[in-house]
Every structure is written in C-alpha cells, then in structure tokens.
Amino acid sequence: MIFRKQTIAFLLMATAVNLLFVACSEVNCPLNTTVYSQYAMKGDTLNDTLTVITLRPDSNDAVMVNRLVGARSFYLPMSYAHDADELLFLYTDTAGRRMLDTVTVMKTNQPHFESVDCPAAYFHTITGVSHTRNRIDSIVINNANVDYDETKQHLYIYFNSGN
C-alpha cells in the first residue's frame, strides 16, 4: 500500500514537472535581446563615409558601423550594464581627409525579465549625450527610452555644414 502511494505521488510529480516544461517551452522569447538605439541624421546630410567604433573598458574596441555612406539613420547596440557608452565617429571625405568626433551616451540600465527560458535583457533610459564638435554640431535626445521597439528614433545628429 505504501509502495502504491509513493508510485502515485511520483507519477503526479513527474506529470506536474512535465507540464511545467511544456508550458515554459511555449514562451516566445525575442530573437535578439540586445536593444539598439537609432541615430537619425538631421539638417545637412552627411556626405562623408562614416565609421563608428565603440570604446570598451576591457580594451576590446569594436567597429559597429563600417564605411556607411548615404544613409539617413543607423542603429547601434547599447551596452548591458555600463552607465555610459563611448563611441568614436570617424568621417572620411571624398578627398580622403579624416575627422574624428567622440560621443558619450549616458544612460540608466533596467533589467527586463521575459521568462526563465529567455536570456537576460536590459532596457535603457538615455540621460544625456556629450560630444566633440569637429564634424557634429549637436546631438539631441528625441526618445530617451530604448527597448525592443526599433521604430523609435532615439537621437538626432546635426552636422556642421561648414566642414
């Protein structure tokens, strides 16, 4: 009799665990948990070739945009937990002359929980932007909330027209 109760209890527990795994596997996780900020170029269009490099604290700098020409906007991923992202904007004109701007995007990081089955994700709020003024005239925060919605234009970049 005791053996039968243990067997029934075991089968009920196994069924409950199985149902839990089936329920969890039904969750639709985002395909990519990295959130991207959209930079929209306003005012005078940028005719130069643009390369964007992210400066990482671990010295593993990375090219995020390589030789962009003729675009009106581009997307950059945001770091998960750093309070600021530092970027180098390298411009090359048709004569081969280069100019460099440094851009720092300050932000807060909010962990975003989808499900135990999904990888970690962070949403961000842009709190400020600073930059050098070699080729960039100004950067304006249009939409500070960075999440999975890629239709938002987060930052507007205005370039110097005299250079």
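This is a predicted model: local features need pLDDT of at least 70, side-chain atom pairs count only at pLDDT 80 or more; totals for chains, interfaces and linings use all residues.

Colleague: In what pattern do the helix and strands of the protein chain follow one another along the sequence?

Modeller: The protein chain has one helix and ten strands. Read along the sequence, these elements give the pattern α-β-β-β-β-β-β-β-β-β-β.

Colleague: Among contacts between residues at least 6 apart in sequence, what share joins residues at least 24 apart?

Modeller: A contact here means heavy atoms within 4.5 Å. Taking the contacts in the protein chain between residues at least 6 apart in sequence, the share that joins residues at least 24 apart is 55%.

Colleague: Which residues does Phe-74 contact, leaving aside its neighbours within four places in sequence?

Modeller: Phe-74 is one of the residues with the most contacts inside the largest nonpolar core. With its neighbours within four places in sequence left aside, Phe-74 is in contact with Ser-37, Gln-38, Tyr-39, Met-41, Leu-50, Val-52, Val-65, Leu-68, Phe-89 and Ile-157.

Colleague: Is His-154 buried or exposed?

Modeller: His-154 lies in the loop between β9 and β10, and among the residues it touches are Tyr-36, Ile-126, Val-140 and Asp-149. Buried means under 20% relative accessible area. Because the relative accessibility of His-154 is 0%, this residue counts as buried.

Colleague: How far apart in sequence are the parts that the pair Asp-48 and Arg-135 ties together?

Modeller: Side chains of opposite charge can pair when their charged atoms come close. Asp-48 and Arg-135 form a salt bridge in which the closest N and O atoms are 3.0 Å apart. Since Asp-48 lies in the loop between β1 and β2, and Arg-135 in the loop between β7 and β8, the pair ties together parts whose separation in sequence is 87 residues.

Colleague: Are Asp-48 and Arg-135 buried or exposed?

Modeller: The cut-off for buried is under 20% relative accessible area. Asp-48 has a relative accessible area of 12%, so it is buried. Arg-135 has a relative accessibility of 5%, so this residue also counts as buried.

Colleague: Is Arg-97, whose side chain meets that of Asp-93 in a salt bridge, buried or exposed?

Modeller: The structure holds three salt bridges, and in the one between Asp-93 and Arg-97 the N to O distance is 2.8 Å. Exposed means over 50% relative accessible area. Arg-97 has a relative accessible area of 58%, so this residue is exposed.

Colleague: Which element gives the largest share of the lining of the largest pocket?

Modeller: About 320 Å³ of space lies in the largest pocket. Of the 19 residues that line this pocket, the closest to its centre are Thr-54, Pro-77, Met-78, Ser-79 and Asp-85. The elements that give two or more residues to the lining are β1, β2, β4 and β5. The largest share, four residues, comes from β5.

How values were computed
Residues are numbered from 1 along each chain as its sequence is written. Side-chain values use heavy atoms; hydrogens and water are left out. On a 1 Å grid over the protein atoms alone, a cavity is a set of points where a 1.4 Å probe fits but cannot get out, and a pocket is an open set with protein on both sides within 12 Å along at least five of seven lines; lining residues have an atom within 4 Å of a point. Grid points are joined across faces, edges and corners, and a volume is the space filled by probe spheres set on the points. Buried means under 20% relative accessible area, exposed over 50%, partly exposed in between (1.4 Å probe, protein chains only). A salt bridge is a side-chain nitrogen of Lys or Arg within 4 Å of a carboxyl oxygen of Asp or Glu. A nonpolar core is a set of buried Ala, Val, Leu, Ile, Met, Phe, Trp, Tyr and Cys residues joined through side-chain atoms within 4.5 Å.
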